[in-house]
Amino acid sequence: MSSLSYLVSRLLQIIPTFLLVMVVIFLLVRMLPGDPAIAMADAKATEAQLELIRQKLGLNEPLVMQFFYFVKNTLSGDMGTSILLKAPVLEVILERIPVTAFLTIYAVCLSILIAGPLAFVAALNKNGMLDIAIRSGFQVGLSTPVFYIGLLLLTFLAASLRLFPVGGYGTTFLQHLHHLMLPALTVALYTSAIIMRNLRASVIEVLDAEYVQFARSKGLSRGVILGRHVLRNALISTVTLLGLSIGNLMSGTLVTETVFAVPGLGRLMLEAIFARDYPLIQGLTLTFAVMVSLVFLFTDMVQAWLDPRLRLS
Amino acid sequence: MKTLLIAALAGVSMLAINSAQAVERGGTLTFARYDDSNLVDPVYADRNPDIWMVTNLYDTLLRTKADGKTIVPGLASGYEVSADGKTISITLRDGIKFSDGSPITAADVKFSLERAVNPDFGPWSGLLGSVESITETKKGVTLSMKNPDPTIISILATFNTAIVSKAAFEAAPGANDQEKATALFAPGTPVSGPFTLKDRTRGSTMTFSANPHYWRQGEDGKPLPYLDEVSFVVIPDDATRILKLQAGEVNGAEFVPFSRVAELKADPAINMELYPSTRIIYSPINSRETRADGSPNPMATKEARQALNYAINKDALVQLITHGTGKSMTSPLMASTTQLAHDGGPLYPYDPAKAKELAKSSGLEGAEITLTTLAGSSDDATLFAAIQQMWGAIGVNVKVEQVDNPTRGAKNRSGEFDVHTYGWVNDVNDPAQVAGWLGYYPTRKAVGTGWNNAEFNALFETSNTEIDPEKRSEQYKRMQEIYADAAPLLFLYETPFAVALSANVNGYLQTPLGNNEFSSAWIAK
């Protein structure tokens with residue numbers, strides 16, 4: 001199978017996923033207790049005011065009709081108007097996507113930068129003091145809640161030492177890097193722990209593999225063995241894991257974006273849920289689904305590049 | 001003696017000069033908010049983060065002083081109410097202008113008030129239900145009333161009657177009034193208030209700059225505001241807002257959790273302010289004969305509800321939850337800062353013996369009561385633990401049910417609750433709103449409790465057309481007596497608004513209604 005037809009077939013597989021996501025999210029949102037009209041109008045509203053809001057939002061229509069309009073409008077690019085923000089959902093989401101994308105990519109880069117070298121050091125010192133120290137450190141990272149790590153980083157690195165701003169996003173690329181350092185690091189500490197554990201195990205496994213032994217016996221230098229044989233093969237499973245972690249990373253933004261006052265999709269999602277903002281929740285979930293699907297697709301492509309056998313299967 | 005007098009006079013004049021010099025102009029105040037404003041239009045603003053910003057952009061005809069009770073002239077230099085209370089003549093101040101330099105005219109006032117009255121627009125038109133028509137006069141406007149309305153003067157000092165530019169509104173893009181209002185929440189819109197909107201990134205930042213044509217004068221005799229700009233950053237997380245202030249990135253942070261007040265008070269770089277508010281925390285008690293599931297309701301009698309109230313040590317709650325910053329409610333219907341609040345001393349002071357006796361005689365003893373609280377609220381968690389212990393002492397078992405805000409609202413409306421947590425802040429400078437909400441059955445079943453008292457309802461209706469202040473005050477006193485005795489609520493406590501500012505920020509105010517006022521704020525350099 002050529003690379004192009006592989007890509008097309010993977011893209012086609014995404015369509016049923018989206019349809020399923022749309023059905024599930026539509027039903028889930030409506031299963032949430034509480035009336036969006038009440039959430040929108042504040043408790044002080046009269047029954048007549050609430051009725052007016054329900055009419056305006058089409059909440060009085062049968063569920064089937066609501067779903068029909070939802071699918072029809074979404075397919076035509078209209079995700080409705082946010083109840084909370086009184087603005088088109090698509091417009092609001094497009095405003096926030098760059099922030100979350102920046103944060104996610106930043107966190108992924110940091111995770112790789114942290115986990116990669118440490119995994120190799122740990123694997124090459126298997127069961128040595130260095131290995132134990134690195135693994136214990138990451139165990140702490142894994143078992144500490146994300147918001148707590150965030151608050152610790154904020155208190156020490158931002159409020160006390162003033163190395164980074166406490167919150168916000170900034171306006172230029174360099175400011176984004178500076179402002180998002182702590183939130184990205186917060187998420188990366190967790191993700192890098194997972195990646196580190198996996199990469200360390202794969203490196204150890206590959207080091208023992210026959211083809212590495214063979215390469216050694218040929219007298220290849222340590223650098224060439226590690227770079228050409230070990231890294232590429234150890235990365236295959238790690239790339240899958242990294243792809244899966246990006247899904248997690250995005251859900252992690254719900255917490256980090258709130259703690260660090262980053263105006264991204266995660267924080268918006270939290271606000272939308274609290275306000276029972278149906279159109280916004282639906283739009284955001286679809287956006288997350290699209291983003292995660294694209295990440296998975298990209299992961300598959302990278303894997304296929306690393307391991308040509310996958311393209312043939 | 002003469003020398004002494006001269007010296008004293010010199011001293012006094014020095015003081016006067018010092019205080020005149022004290023105010024410093026210019027600079028940007030950065031303020032951390034818990035939420036963003038989505039639509040700052042007087043008529044459509046419906047959430048507190050929107051409402052509390054309106055008066056920074058749009059002035060009202062009358063204004064309320066910092067105490068929340070005294071009404072003074074605003075864009076209007078004065079008003080006159082006819083003897084029968086059915087005509088109100090309002091005179092506009094001379095030479096007032098919008099931020100673009102165009103004059104604020106009677107036509108703008110008529111236009112703004114007609115929008116506020118229109119029941120098809122916004123949630124607040126009911127507050128002006130008594131207005132029949134508005135006509136322009138040579139010097140202002142005249143309101144013709146369907147009936148005398150004692151609240152109307154307060155309403156003319158309330159955000160929803162703020163004055164917008166008719167020309168700007170008509171020129172704004174949009175098919176209907178709401179779309180035009182939305183379009184006008186944009187930089188460059190001519191406004192009547194102390195600040196204009198300079199720029200805005202939804203959900204993140206908003207900047208106000210000084211209106212160069214604002215009419216009010218500062219202490220130094222020059223036009224307000226003192227600041228060049230106010231920059232708002234949205235930070236929903238309490239701890240992060242405070243950290244940002246401590247790190248010097250912002251000059252102010254609102255909604256400081258009460259647990260942090262003492263710590264911030266001790267910090268010399270921070271000025272921890274507790275502004276008097278109209279905020280009350282109470283718990284509606286389901287007062288219906290039967291519960292939603294049809295079973296008999298042990299809280300249906302007033303004796304049972306009184307027992308529940310006597311069994312609660314409010315002073316302990318004030319210490320536990322507000323860390324000593326709050327105080328017990330003294331009026332059952334409103335905060336003590338509200339006009340016509342009757343101070344009858346702390347309501348239902350802690351009396352476990354009396355509570356036990358009443359619980360026994362009313363058949364409440366042995367009952368199981370569900371307390372519905374907000375999930376994730378640490379205040380509610382503390383409240384539950386305390387109440388469970390206190391009611392346990394009179395033989396009442398308490399179960400907790402944790403829900404989120406919209407669910408709690410839905411339960412309140414459907415009556416599917418025993419007791420749930422709630423709070424209130426006045427939107428209007430008149431007690432009619434809160435009294436109608438808490439006690440009047442026809443609008444909202446007395447805050448969802450189902451309590452229905454004919455005398456209270458009649459008094460409330462009469463008081464809404466009573467223009468003799470003394471008679472109205474008497475009616476309110478009686479309403480408060482009836483309500484306190486019937487106890488459809490757990491009367492818990494009132495709390496201030498906690499705002500932390502950098503030590504060099506002066507003159508900022510959060511009014512008892514919650515409005516953030518930056519017009520007289522300044523930063524010492």
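Leaving out neighbours within four places in sequence, Asp108(B) is in contact (heavy atoms within 4.5 Å) with Phe98(B), Pro103(B), Ile163(B), Val164(B), Ser165(B), Lys166(B) and Ala167(B). The model is a predicted one, where local features need pLDDT of at least 70, side-chain atom pairs count only at pLDDT 80 or more, and totals for chains, interfaces and linings use all residues. Residues are numbered from 1 along each chain as its sequence is written, chains are lettered from A and ligands numbered from 1 in the order written, and side-chain values use heavy atoms, with hydrogens and water left out.

Asp108(B) sits in helix α3 of chain B, residues 106-117; helices here are DSSP runs of H or I with at least four residues, strands are runs of E with at least two, and both are numbered from the N terminus. Asp108(B) is buried, yet it has no salt bridge. Buried means under 20% relative accessible area (1.4 Å probe, protein chains only), and a salt bridge puts a side-chain nitrogen of Lys or Arg within 4 Å of a carboxyl oxygen of Asp or Glu. The nearest side chain of opposite charge belongs to Lys166(B), 7.2 Å away; Lys and Arg count as positive, Asp and Glu as negative, and His and the chain ends are not counted.

As for chain A, it has 13 helices and zero strands. Its C-alpha atoms fill a box of roughly 85 × 55 × 35 Å along the principal axes. Of its 313 residues, 48% are buried. Among chain A contacts with a separation of 6 or more, 71% come from residues 24 or more positions apart.

Notes:
Buried means under 20% relative accessible area, exposed over 50%, partly exposed in between (1.4 Å probe, protein chains only).
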